[in-house]
Amino acid sequence: MSEVKKIAVIAGDGIGPEVVAEAEKVLKKTEELFGYKFEKEHGLFGGIAIDEKGTPLPQDTLEMCKNSDAVLLGAVGGPKWDNNSKELRPETGLLGIRKELGLFSNIRPAFVFDCLKEASTIKPEVLDGTDLVVVRELTGGIYFGEKFRRESEFGEEAVDTCAYNVMEVERIVKQAFEIARTRSKKLASVDKANVLESSRLWRETVNRIAPDYPDVELEHVLVDNCAMQLLRRPSSFDVIVTENMFGDILSDEAAMLTGSIGMLSSASLGEGSFGLYEPVHGSAPDIAGQGKANPIATILSVALMFKLSFGYQEAGDLIEKAVKDVLDAGHRTGDISTDPSKALSTAEMGDLIIAAMEK
Ligand code: IPM
Ligand code: MG
C-alpha cells in the first residue's frame, strides 16, 4: 500500500471547476490502476473567494495548501473582478499564494504535439523539434519590489522597483541547471544585462555557478533577442531561465508557438518536493460553464505533479501517453479542432483519456 498523498484542490473561477473535475477523474483512475491513495481537500481561491469570503486568498485555503503534499489549481480571475481595488483582485491572491508557499520557481514546458502542428500560427518547418522549458523566477523582481506613487513636476508619478539578491538568483539558476541536466544539457539564461543592474548581478551569478555544471552548455541571451529567436529558431532552445517579468512574457510567447494554450501545464516549486500545478491557460470566462474547455492542460498538470512532487514516474508517463493516443486518434475539443461540429465536450475528452489509460 503506498502512502497517502494529500492534494489541495483549488478549482477557482471560470472554466477552472470544469477542467479540474476531469483532472480529478484522472487522479481516481490512477488510484485504481496503481493502488495510490490521494486525500483531497477543496478550497476557495480567486474571484469566488472574493465573493464568498471577502478575500482572494482566505487563510483556511492557505493553511490547507501548507498542509498538503501538492496543490492542483484550475484558474482564477474574470471580468467581474477586473475593476476591483488591488486587495480584492484574484491576481493579488495568486501573487500571495506564490510568496506564502515559497514557490520561487515556475516551470512551463512548451512542446509541439506533432498532430497539432497545424494549429500553430508559426510555419510547421520552423516548429519542427520544438521542445523547451521556461524556468521563471516567481517570487522576486519587479512583481514584488517596492511600489509607490509620488508627486512629480509633471503630475503624479508611479514607481515599481526591480530588485534581486544573490540568493534569489542562485537558487533558481541552480534548479535550471539541474533541469537542463535531465534534458539536452543546454541552458539559455535570459536577461537585459546591457541595461539593467539587476540583470548584471543575474549574469554574474549565473557565470559563477556555471563551472559546477561543466556538462551543460550555457548561453546568455538578451531578452529582446530571445523574444525574436523564439520565433525564428524555437527548436534551438532547451531550458530557458529568467527573472519574473521576462519569464511571464516569454512563457506566453513560447506557449503560443505550440498552437494551443489549452494543452500546456505548469509547475511552481520551492525548495522541497512540494509544488503547485496548474494549466498555463486562464479562466476563459467567455466559455465558462458550457463544457467547451480543453481539460488536457490540467490533466497534464497532474502528470507533472506525479513526476516532480511524488516520484510517480510511471503513472505520469501513462497519463502523457493516454493524452497523446487520444489526440493521435483524432479526438479534439473546440480550441484545437478544425471541424467545430465534431468538437468534444470537456467531460468527453476527460473520459477518453481515462479510457486510454486502461489499455
Ligand atoms: C501568469 C499570470 C500572472 C503573472 C498574473 C495573472 C498575475 O500572467 O501566471 O503568468 O503575471 O504571473
Ligand atoms: Mg502570464
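Biologist: In what sense do E6 and strand E7 pair, and over how many bridges?

Modeller: Strand E7 (residues 155-160) pairs with E6 in the antiparallel sense, over 6 bridges. Two strands count as paired if DSSP finds at least two bridges between them. Strands (E, at least two residues) and helices (H or I, at least four) are DSSP runs, numbered from the N terminus.

Biologist: How many residues lie between E6 and E7 in the hairpin?

Modeller: The hairpin has 2 residues between E6 and E7. Within this pair, lysine 147 is opposite aspartate 160 in E7.

Biologist: What sort of model is this, and how is it numbered?

Modeller: It is a predicted model, in which local features need pLDDT of at least 70, side-chain atom pairs count only at pLDDT 80 or more, and totals for chains, interfaces and linings use all residues, while side-chain values use heavy atoms, with hydrogens and water left out. Residues are numbered from 1 along each chain as its sequence is written, and chains are lettered from A and ligands numbered from 1 in the order in which they are written.

Biologist: Where is tyrosine 143, and what does it touch?

Modeller: Tyrosine 143 sits in the loop between E5 and strand E6 (147-152). Leaving aside residues up to four places away in sequence, tyrosine 143 touches Leu95, Arg136, Asn244, Met245 and Asp248. Contact here means heavy atoms within 4.5 Å.

Biologist: Now the open sheet. What is the strand order?

Modeller: The order is E2-E1-E3-E12-E11-E4-E5-E10-E8-E9, 10 strands in an open sheet with mixed pairing. Strand E2 (37-42) and strand E9 (217-222) are the edges, each pairing on one side only. On average, neighbouring strands are turned by 25° against each other, direction ignored. Axes are lines fitted to C-alpha atoms, for helices over the stretch in contact, and angles run from 0 to 180 degrees between N-to-C directions.

Biologist: Which helices pack on the sheet?

Modeller: One is helix H1 (residues 16-34), which touches E1, E2 and strand E3 (70-75), with its direction at about 160° to that of E1. Another is helix H9 (residues 244-257), in contact with strand E4 (105-111), strand E5 (131-137), strand E8 (186-191) and strand E10 (239-242).

Biologist: How is the protein divided into domains?

Modeller: Domain 1 is 1-106 + 261-359 and domain 2 is 121-257; the bounds come from an automatic or database domain assignment. Their C-alpha centres are 25 Å apart. The contact involves 14 residues from domain 1 and 12 residues from domain 2.

Biologist: How much area do they bury?

Modeller: About 1300 Å² between them, 61% of it on carbon and sulfur atoms. That is the accessible area (1.4 Å probe) that two parts lose on being put together, summed over both. On the domain 1 side, Lys99, Phe104 and Asn106 lose the most area to domain 2, together 47% of what that side buries.

Biologist: How many salt bridges cross the interface?

Modeller: The rule finds 0 between domain 1 and domain 2; it asks for a side-chain nitrogen of Lys or Arg within 4 Å of a carboxyl oxygen of Asp or Glu.
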